[in-house]
Structures are given as structure tokens and as C-alpha cells.
There are 2 protein chains.
Amino acid sequence: MLRVEIINTGTELMMGFILNTHQQWLCRELSALGYVVSRQTAVPDTARDIQDAVRESMERAQLIIVTGGLGPTSDDRTRDLIAELLGKNLWEDKRILAHIEAFFAKRKRRLPESTKVQAMVPEGATVLWNDHGTAPGLAMDYSGGILIMLPGPPRELRPMFSERVIPLLAQRLPTPGGFACVTLKTTGLGESFVEERIAKKLESLRDQGLEIGYCARVGEVDVRLLARTAEAERIVNEAEAITCEVLKEFVYGRDPEQLDAVVVRLLTERGMTLAIAESCTGGFIANRITNISGASAVLLAGLVTYSNKAKEQFLGVKAETLAAHGAVSEAVAIEMAAGACERTGADFGLSVTGIAGPTGGTPEKPIGTVYIGLARRPNVTAKKYLNQYDRETFKYVTSQQALDWLRREILLATDRS
Amino acid sequence: MLRVEIINTGTELMMGFILNTHQQWLCRELSALGYVVSRQTAVPDTARDIQDAVRESMERAQLIIVTGGLGPTSDDRTRDLIAELLGKNLWEDKRILAHIEAFFAKRKRRLPESTKVQAMVPEGATVLWNDHGTAPGLAMDYSGGILIMLPGPPRELRPMFSERVIPLLAQRLPTPGGFACVTLKTTGLGESFVEERIAKKLESLRDQGLEIGYCARVGEVDVRLLARTAEAERIVNEAEAITCEVLKEFVYGRDPEQLDAVVVRLLTERGMTLAIAESCTGGFIANRITNISGASAVLLAGLVTYSNKAKEQFLGVKAETLAAHGAVSEAVAIEMAAGACERTGADFGLSVTGIAGPTGGTPEKPIGTVYIGLARRPNVTAKKYLNQYDRETFKYVTSQQALDWLRREILLATDRS
């Protein structure tokens, strides 16, 4: 089997200043293509550390992906160090230089002299064009395989991998035999419940080579169905059908479609609209919806009514309701959802009011208390949840509950009509 | 210098199913104590991969921290494999067994037989008590130093590191000499411009041992100032003063304080309030502000007015202005900011209207066109930007520009008065 290794360079990684999201992203992408990473290494931007790591990987692996250190500053040395290790000289590629100059000219910024180093290419290297920045990626052959250097910024690395590296791998290092993988996204059930419900029913496919993986995250559980045989496609398709049949509406989609994208898709397909009224989630739900291209066709407005006065002014929540029940209450969640609907004319009104913490809890309403309201005129209801997490996780979990309820309601509304 | 390495075990890491947050957390903790990690490796749960990685680290490092693989299931093999590598037998520690039994009894759960493996201890190992789970950590000596095994779940690993590992290190591997590190956060300048402005002025401190690192992210550049000498504190303090003097208002803070937290802090200190009117950023700015605990004292409301009708209804933008200039225009940004201010009574009104893409651009207003408006009654102005990125990056960059402008305006407003 092909051995794949990843090397992430950057002193900022070793100091813990930034989170290494490249590892997960690249491992996930490579796995989905049938390549399995057998080692990942992170090293600081020092010559010896980078060269040692690359030299050791070359002895073991047939594919090495190195990230970072292709920028214009003095601590960006990956290109030079690897060229030196492989005994290659660097030459200036005029096409890259022109691309860099155009990149700066378009943004009306002066081109710093140091940036030109990014046009230097080791002899024999394949240039991987960068449509989202100045530093190109580079692919170089070594005696045991292929080494690929990618720029550190995720917005440059990710499209470069998808558009340049995948075709290169398909041509130069095709994966052996069959391979299929599907990840189903579920929400509303714990990991062990998901396993309990499906494991038995998938047993015979398991005997045929199906590999099942569960990945529990806050607010959702992924079920990964994978096979590496000539029959991979059929096995995974059958497993997917069984899983969806057993878990029913707990499956909200297929990776990489997120819950927010599912909601926007369902509303768009039905020509329906949404208004959101948020207190404790502070715009997080509106932000998730507007991350999806096409959201403007379904989202009429999002009202982040953090203060009581804003709840009255923008949503028509009654002062008496606030006084009688408090801002975090079923009654206020209901008036917020109804108000969002009525004032915008949207088909659905979704509201959230709660206590994110770390301060503000009381014995009756502890931190984590949250009411979600959902209006579809003339009906409006609210549910209570208790989400005891840190502030950002609280927002995420609450948004999953709110969007999943909305998703089910859209489906029900359509079934009924 | 002491060489520290981290080894993260887990097939789920190599498949990309989970994000390796241990690396950043441990690197950050160790850095703060003056230990610098020179390599981090992740390997799957296979005997050969784990033993190879540990053997190689033992040849280089004086401190090795291994995470994961101490649990009760068949893929948890770290304890056995490392004991085997070091030629140590395992024995059952009755105190750990009693702890495990008590742990299950307290939760009224049956103790699975497999869990008892966690009471096995390699000869000569120091047991690191686990107050948050069943698997203890283990510290073992090897010829070149100390190897520490920690359980994978963050809620167990983190307190164990703080409460058990730090005292052990202080006793067994005290850090040599001085250490100081500060990271300054800047926005509004490119990475190479930052370096161009400060590198020369820091040269003499560099000769005294200052290490400078630049980390460019979308919308900001970090400058890391670090020294590891007896004079570390003085060197880093002087470097910080020089950097702040040269880069002036481009420095918005010191790591780990983010721009959103700086804005909330500045407003809180001055008892001032904010209202936000967002179109293309769709609630992202309100979400950033409300991620900060204490935001409720400064944010009166966030209006995500995605549709023209919502702009008129919630912000009082005039239909004629929308008709004459279009929703993405200086005039509309100004009316949005002014409307947010007036309707809520906030001290500052911040507005954003633009074209996030990937659709909706025109020759006159290409994708990425954005107007940011800022009102402080009776004044209100707007600026035009061109942020050509994918949808989520567009939102982030725009939010940085908006919050940085607001930050500068808050400071100016205070200087003036």
C-alpha cells in the first residue's frame, strides 16, 4: 500500500499560536480519495528541522505533502531548503512573476521586492498555479516518489489541492482497486444510540468489507461508510440505504453538506422564506444561513435583539411579557418568532433567547437555559433546552437544534400540503 | 537546549475525522513554561507506527509527551507498546483498580471487564492520577530523558497536564535561563510591509538574541517577539516598544486578545454603545461581538437587513436612495449606519453592504465590492473596499475592516474629548 506523509512547517505551530487545521483537512481529503496518511509531522521553520523531517519521510513514503513556508518573509524557507536537500538550483519563472505583479496591480498595492522570491522554482519542479494568492505550489520528484509543497494559508491551500493536486495524483499515483466512501450526517442522537441502531443491520455488509466509523462531535454524529474492494460502490450504496432507513429523519444529509446548507436548499426548492430573531446566539444562526450562496432568496431579515428594548422595537415583544416572564422564557421566544414572521412576511420565523454564560444564570434559569421558538403562521410554539457549554459551543449547539427543528418543520409542512 | 517532542496517536487523526487540538494546547502550555516543542508527530494506532515514532523521538528528545491510546478498547495500545519497547513488564495497580471501580459505581454504571486494563502499570512508571476519567497518565524514564503518556480526551488530558505534569517537570526537567514571548496583532498592513518597517529597527536587539516571527492570516499579521536569554524580558519589552512605536495604530492588540474583544473592551471602558446594520456579512459582525462575554453591555441591536424591504423597514433607508444608487452604495451604507444609530440610540452605528459572491456582480460593482458605514451622531461617513475572496473569507476580511475602523474611531473620539 502507498505510504503518504504530511509535513507541516511553522514555528507558530510549535509555539501553539495557531491550530493546525491542515492536518485534518488534508487527511480527510486524501482518505476520501483512497489514500491513507501514515504519519504527520510538524516542525519549526529551522533549516535542520525541516530538512531532517523531509529526509526521513523520503525514506519511508511515496507521497509527501509539505505545507507552509512559501511566503515572502525571511522565515519562509521551505522552497529553498527542499531544493537544497534534493540538490536542485532555483530559477526565476517569468510567468509566476507576471502573475504576482498582476495580483498586486489589481489590488492597487505596491509590490514589495521580497515578494519576488515566490517566483523562484527548483529545477524540474512542476508549478501548481495559485489562483488565490501569490505563492505557487510545487511538485518535485525524488527517488522514492513525489513531494508536493503547498502554501500555508487555507484559502490558498484548499483550492490548490482540489484543482491542482488531485489531478496530478490521479495521473501519477492512482489508488489501487475499488474505493467508495460516504459520510452521513446525523443530529439529535448520541453516538452509542446511533451504533446500537445500525450496527446489527450492517453486519452482513461488514463481512463483505464494509468499514463503519462513528465520529461524535458537539451537536452531531457522523456515520462513515467505507469499502476498499472491487465491489466498494455497491457495498457502500447498500449500507447508506440501510442506515437512512433505520435512522430516518435523524439523518439530515450527506457530507460535506452542512445543516445550514440543507435548510437553505429545502426553503429554496419550496420557494419559502425565513426571518430569524436571535438574542443569545447573537447573529450566529443568521451568519450560518448567509454563509450559503443563494441565502438572499430565502432570508428576509435577521434581528439580533440583544436588549429588551430592541425586542420590543424590532419584533413587537410586549413589555408586559418581558416583565412577567423575563427575556429568557417560552412566552418571549413565541412573541419573538411570531414578530419576526409578521413584520417581514416570511413563511417561517425562528427565534432564540437564552443565557449563554459565563455570567447571568439564576437558580431557576441556570446558564445554558435556552428557548427556541418556531412560527409558521398562524402556528407558533417554543421548546426549552439546556445547553451547558462554553459560550461559542453554546451558540453552535443551539443553532444545530434550531436549524434541525426548522428542517423537520419544512419537511412536515410540505408533506401535509 | 532541551528538546521536547509530542506524539499524538490515533487512526481517527490520520483519517481526518477529528481535529488535533492537543498539539496547539500542549505547545502553548509548554511554550508558556519556557519549553519549546521541536517536533510533533501523529501516527495511527498500529504497533509499528507507534513504536517507530517513539523510538525515533527517544534518540532526539529529552522530553516526550504521547497522547491517546490509553482507553479500554482493542485499538488502545499505547501503554502496552511503549512498555514493550522499553522492555518493562506490566503489573496491576490495586489503587487504580479501586479508583476505576469507584468511578463506575458513582455513575451507577456496570464496569466492563475491558476497562480493567487501565489499571496495568509498566514497572518503574510514575502514575499520574486521573480525576476526570478512568485511565491514569504514566511517566517513564528512558536513557535520554522522560516519556509521559496522557489520555486522549481533552477534559482528562488538560487538567492532568496542569495538575500532575507541570509539577513533575519543574522537579525533573527545570527550564534553563530566561524566556519571554509577546505576540502583537496588526491589521491593515501586508506581511512584507510589516517586516519592511520594523526589521531594521530591531536589528540590534536581534544581535542580543531576539527572534522575530511573522504570521500572515487573512485580514491580519501577527508579529511574534521572543527571546531565550537571561535578558529575555528586557529584550522582548524593548522590541515591543519599538514595534508599537513604528507600526503605531496598525497594532490593535496583544495576543490572545482578538479585534472583537478589543472593540468590546474599549466600548465598555467608555460606557459607550453600538448598533450594527449588516447586509452582505449576514450577522457575522454581530456574532463576533456577541462571542465576547460582556457584549450585552455594549451591543444594543444587530440588524441583518438582507432584503431591500428590511433595510427600509428596520433602518429607515429611503426607497428613493435604494432606487437611485442600488443597495450596494455609499449612500445606502450611510443611511444604514445612521438608521441603526438613531433607532436604537447607540453611540456608534456600523453598517456593511456589499456583494459577497459567488453571484451578483456587475461590471460597475464587481463581486467583492463593499461599503462600510460608520455613524457617530451627527457625523456619518462610508468607505468603499474591494474584497475578492470566497464567501466566508469575504465576511471575515470585511468584519476586520469594519471593526478596525470602529476601534480607531472610538480611540479618536476619546482623544478629542
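Two cavities of 30 Å³ or more turn up in this structure, which is a predicted model. Chains A and B also share an interface that buries about 6600 Å² between them.

**The cavities**

- The largest cavity holds about 40 Å³ of space.
- On the chain B side, E10 and strand E11 (220–227) each give at least two residues to the lining of the largest cavity.
- Sorted by class, the lining of the largest cavity has four charged residues, three nonpolar and one polar.
- The second largest cavity comes in at about 30 Å³.
- Around the second largest cavity you'll find A:Trp129, A:Asn130, A:Asp131, A:His132, A:Glu156, A:Pro159, A:Met160, A:Glu163 and A:Arg164.
- That lining splits into four charged, three nonpolar and two polar residues.

**The second largest pocket**

- Its volume is about 510 Å³.
- A set of 21 residues lines the second largest pocket, and those nearest its centre are A:Thr11, A:Pro44, A:Thr46, B:Glu211 and B:Arg228.
- Two elements of chain B give two or more residues to this lining: strand E2 (37–43) and strand E10 (211–217).
- E10(B) makes the largest contribution to the lining of the second largest pocket, with three residues.

**Where chains A and B meet**

- On one side are 80 residues of chain B, in contact with 77 residues of chain A.
- Of the area buried between the two chains, 50% is on carbon and sulfur atoms.
- Seven salt bridges run between chain B and chain A.
- B:Arg3 and A:Asp49 form a salt bridge, with their closest N and O atoms 3.5 Å apart.

**A helix pair in chain B**

- Helix H12 (residues 308–315) of chain B packs against helix H14 (residues 330–344) of chain B at an angle of about 35°, and their axes are 9 Å apart.
- H12(B) brings B:Lys311, B:Glu312, B:Gln313, B:Phe314 and B:Leu315 to the contact, and H14(B) brings B:Val332, B:Glu335, B:Met336, B:Gly339, B:Ala340 and B:Arg343.
- By class, this contact of H12(B) with H14(B) has five nonpolar, four charged and two polar residues.

Definitions and conventions:
Residues are numbered from 1 along each chain as its sequence is written. Chains are lettered from A and ligands numbered from 1 in the order in which they are written. This is a predicted model: local features need pLDDT of at least 70, side-chain atom pairs count only at pLDDT 80 or more; totals for chains, interfaces and linings use all residues. Side-chain values use heavy atoms; hydrogens and water are left out. On a 1 Å grid over the protein atoms alone, a cavity is a set of points where a 1.4 Å probe fits but cannot get out, and a pocket is an open set with protein on both sides within 12 Å along at least five of seven lines; lining residues have an atom within 4 Å of a point. Grid points are joined across faces, edges and corners, and a volume is the space filled by probe spheres set on the points. Helices (H or I, at least four residues) and strands (E, at least two) are DSSP runs, numbered from the N terminus. Axes are lines fitted to C-alpha atoms, for helices over the stretch in contact, and angles run from 0 to 180 degrees between N-to-C directions. Contact means heavy atoms within 4.5 Å. Ala, Val, Leu, Ile, Met, Phe, Trp, Tyr, Cys and Pro count as nonpolar, Asp, Glu, Lys and Arg as charged, and the others, Gly among them, as polar. Buried area is the accessible area (1.4 Å probe) that two parts lose on being put together, summed over both. A salt bridge is a side-chain nitrogen of Lys or Arg within 4 Å of a carboxyl oxygen of Asp or Glu.
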